[in-house]
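This report looks at one strand and its partners in a protein chain. Please keep the sequence and the model at hand while reading.

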Amino acid sequence: MRFAFLLAILISVASANIINYGPTNQTLTYTGLGPDAQGHGTVRVSWGSCVFENGVTTCTLSGPYTGIGSGGTFTVVVTYAGNGPSPLIGTVIPGTDTINLGLTAGAIETKLTINGNPTTFYYTNLTTFFNTSNAVCTLVTSCAVGQVGLIPGATITGPVTGQFDATPIIRGVVSASAYGGFSSVAPGSWMEVYGINLANVLRQTWSGADFKGNIAPTALGGTTLTIGGKPAYLDYVDQGQVNAQVPSSVPSGPQPVVITTAGGASAAYTINVNSVEPGLLAPAVFKLAAGQYVAALFPDGVTFVLPPAEGIPARRARPGETIILYGIGFGPVTPDTPAGTIQTQSNRLVGSFQCSIGGTQATVSYAGQSGNFVGLYQFNVVVPSVAAGEAVPFTYTLGGVPGPQSLLIPIGN
């Protein structure tokens with residue numbers, strides 16, 4: 001759920017939410033580090049006024065801006081541990097002034113006063129413009145950023161103006177990755193949206209205060225999301241990821257996903273919606289040398305059905321024991337529980353769920369939504385009499401249609 005931030009310094013940015021800033025009272029300095037392995041120039045960037053306190057360096061760049069609301073003031077803040085060089089390292093293609101910077105440590109935030117209201121954006125796309133007539137260059141014959149990057153120790157320093165863009169940008173959408181990470185979703189299932197500028201907070205997970213009774217929030221950390229024009233329920237947001245539950249009323253077929261923050265609305269990203277898109281909990285950490293294991297639990301709620309491993313409460317399941325599996329996207333239950341609602345009543349899955357272990361059908365003693373959760377399905381399965389093995393195939397069907405996951409489970413004597 002975390003992404004390395006890519007801060008792009010570009011000559012032009014195409015967006016409906018560009019904010020123009022400057023001139024500023026601070027200066028930026030690009031120091032050339034020479035060509036990289038691909039022959040591109042590399043630079044280190046220092047900027048603004050910096051203060052070192054309590055083991056952390058904080059640098060700022062501030063000034064007036066126009067472009068959102070009635071305009072106001074902005075402050076870009078870079079923080080990183082220690083009192084050494086700035087962590088902003090970038091590359092530049094020779095002959096151009098386009099620099100791509102990777103923030104190798106620390107964090108960047110941009111604070112605006114929008115219509116009198118302070119607002120923070122994290123990891124926005126930033127554009128800077130040097131006024132070469134006022135810039136100071138050393139070790140180079142011209143104040144070209146590209147030339148500076150190719151010459152170690154060369155610098156360009158001066159006041160800057162520029163733009164930054166806080167528009168949310170969606171790069172991809174999948175169903176919840178720990179439950180299969182499929183390219184389609186279903187009403188009531190959970191999905192993960194990836195991109196940049198997806199929230200105005202570093203990270204936020206829903207809490208009890210965000211719920212209205214037993215109804216989950218449709219806004220979190222200043223972020224909202226719609227799919228098919230209908231508001232989704234949000235349980236986690238950060239700058240690069242939003243986790244959302246698909247509303248029950250979203251129709252099947254290609255549907256637009258749109259994220260909105262104080263920086264504006266994203267372009268629509270299309271994802272296919274099916275009536276069901278079943279996936280069992282099988283996170284990446286359960287992918288062992290033999291393959292992907294399903295995340296089954298024993299009724300104690302602590303011990304996993306896994307090959308014994310140091311530091312993890314785990315053991316093999318034995319025939320006749322009940323194990324518990326969890327899933328998303330398995331469709332309606334009765335009595336009906338709409339998406340976004342904490343499950344508080346006894347229910348059962350409308351569709352027919354069956355599973356097999358080692359090719360032998362297992363008895364499913366419970367199939368429905370799990371109590372006190374939102375959109376989480378629970379399946380209580382009795383292990384059939386099968387031969388022991390560390391990597392026994394586990395398969396399942398919903399309405400007679402095989403599930404798309406290839407899963408394993410360990411069986412003991």
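How many residues lie between β22 and β23 in the hairpin that they form? There are two residues between β22 and β23. Helices (H or I, at least four residues) and strands (E, at least two) are DSSP runs, numbered from the N terminus.

The model is predicted: local features need pLDDT of at least 70, side-chain atom pairs count only at pLDDT 80 or more, and totals for chains, interfaces and linings use all residues. Residues are numbered from 1 along each chain as its sequence is written, and side-chain values use heavy atoms, with hydrogens and water left out.

**The chain**

The protein chain has 41 strands and one helix. Of its 413 residues, 50% count as buried; buried means under 20% relative accessible area (1.4 Å probe, protein chains only).

Two strands pair if DSSP finds at least two bridges between them.

| Strand | Residues | Bridges to β23 |
|---|---|---|
| β17 | residues 190–196 | five bridges |
| β22 | residues 233–238 | four bridges |

In β17, Met 191 stands opposite Ala 244 of β23. In β22, Tyr 233 stands opposite Gln 245 of β23.

**Burial of β23**

Strand β23 covers residues 241–245, and five of the five are buried, so the strand is largely enclosed by the rest of the structure. Both of its faces are covered. On one side, Gln 241, Asn 243 and Gln 245 are buried; on the other, Val 242 and Ala 244 are buried.
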